[in-house]
Amino acid sequence: MASRSQRHANAVGLQRFGLGVKIGQAEALLDGARDLILNEIRADSIARPAGIAYVGTADISTAFYAFADAEKKAREAPRVAQANVPAAPGAGADGGAAAPRPPAEPPLPARIYRDEVMARTRLALEAPAGFGERLVQFWSNHFCVAVNKNTTTRIMAGAFEREAIRPHIFGHFADMLLAAESHPAMLEYLDNQLSTGPNSPAGNRRGRGLNENLGREILELHTLGVGGGYTQADVTSLARIITGWMVAPRNGALGTPGVFAFNPRIHEPGAQQLLGKLYDQPDKAQGVAALADLARHPATARFVATKLVRHFVADEPPAALVDDIAAAFRRSEGDLAVVSRALVESDAVWSAEPAKIRSPQEFLIAAFRALGREPDAGQVLGTLGVMGQPVWQPPGPNGYPDTNAAWASPQGLKTRIDVAARLGQQAAGGIADPRQLSEEILGPLLTPETRQAVARAESKPQALALLLMSPEFQRR
């Protein structure tokens, strides 16, 4: 058995890198926490969501086109019936009394979003420690898309995470970067559909021009970062390089509808200079080459390292740790398994006291795991909406904030208290003794103050709420 100090460090590490202890697993985790997390990296892959009706972007697009056609037909049907079969006042189209509409499932886009979120949630609840799932959340926020942009991003956000993020969690950053920037959800979210090379055949004929949104965010948010050494000229150049990257339209002219397509008719012709280097590759290869170089750039290594350390360790990332992670990124040419291992193997990370407040998504998953709950869609979607962090709906292309100030406002804390109270009420019937649960979930992190507060609670629901709102549970 590990020593008392080692068990405390393991408890800190599990909070820092995982999704929270589940009922019945505390002892095994505390004795081998670091190995458990490193084993996730060694496995070289993570679980994929199950129980999803439409797996790929092509399937999703086909289903949505059929849904849209049926909706259009349904809207037109009453007008046709009214024109051809006059009905008596208050009667249905068949002349009888209008039948009440039966309860219906949400429209297809809402169902796809709901099912994707719940599949993701199940994986987070089932994971032994959850380091891989934490990385999915981190990288999905780094390369974020927003479901409230339009219907396309709503139906594609889950597929984006499954196709562009999950396969590369322990792969190479360059592969994740290419997969993310060429995914239909990203192309739609950052308007590359609207970008036309001014000197392309389509640009010459229609007078259309560049949309720089995707090019700018690739440099500013996805690779080099602000202060990474690029200029406005580089933004414009990269926007030219990736013209022609689009979502294949429904008519099939560019291949299977709904997937990535390269359209040479809107691609800006000729060589382009980016960060002092000339790119003269043809067609899509020009963009692929540019992204590969950006993925290996030293500024990208430092930007990614800083974000990782800020996410897992502290709002003010320790400079020495950032240096170590950036060096691992450069040395391995962006091998994310090597980068993740460097972070997990750092003794400084395991010895530092928890300083980060769990985000609403992290808090809710940790609470469900601690209480042994299997939530329904309303308990996930509704609660995260109230707490201000609905899945795949960040306020902007820079994703959800990753600092304590964003989630520890007075209103945010009040909402957490309300959520904790509601969860305590829902779980009370299935928890024999909140005092025992506190010992099991928090282990060596449990303070005398929290132990006493739980023991003196006026009711079981209140005791569970106090556990969930304790500093030891809220911080990681």
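Phe 131 and Phe 312 are both buried, where buried means under 20% relative accessible area with a 1.4 Å probe and protein chains only. The model is predicted, with local features needing pLDDT of at least 70 and side-chain atom pairs pLDDT 80 or more, while totals for chains, interfaces and linings use all residues. Residues are numbered from 1 along each chain as its sequence is written, and side-chain values use heavy atoms, without hydrogens and water.

**Aromatic rings**

- There are 16 aromatic pairs, counted for rings of Phe, Tyr and Trp (its six-membered ring) with centres within 6.5 Å.
- The ring centres of Phe 131 and Phe 312 are 5.8 Å apart and the planes stand at 55°, so this pair is tilted; planes under 30 degrees apart would be stacked and over 60 edge-to-face, with the rest tilted.
- Phe 131 belongs to helix H6 and Phe 312 to helix H14, so the pair ties together parts 181 residues apart in sequence; helices are DSSP runs (H or I, at least four residues) numbered from the N terminus.
- Phe 138 and Trp 139 have ring centres 4.9 Å apart and planes at 80°, so they are edge-to-face.
- Phe 138 is buried at 6% relative accessibility, and Trp 139 is buried at 2%.
- One aromatic cluster is formed by Phe 17, Phe 131, Phe 170, Phe 312 and Trp 350.

**Charges over rings**

- The charged end of Arg 154 sits over the ring of Tyr 113, 4.9 Å from its centre; the rule asks for NZ of Lys or CZ of Arg within 6 Å of the ring centre and within 35 degrees of the ring normal.
- Arg 358 lies over the face of Phe 473, 4.9 Å from the ring centre.

Conventions. Helix = DSSP H or I, 4+ residues; strand = E, 2+ residues; numbered from the N terminus. Buried < 20%, exposed > 50% of the residue type's maximum accessible area, 1.4 Å probe, protein only.
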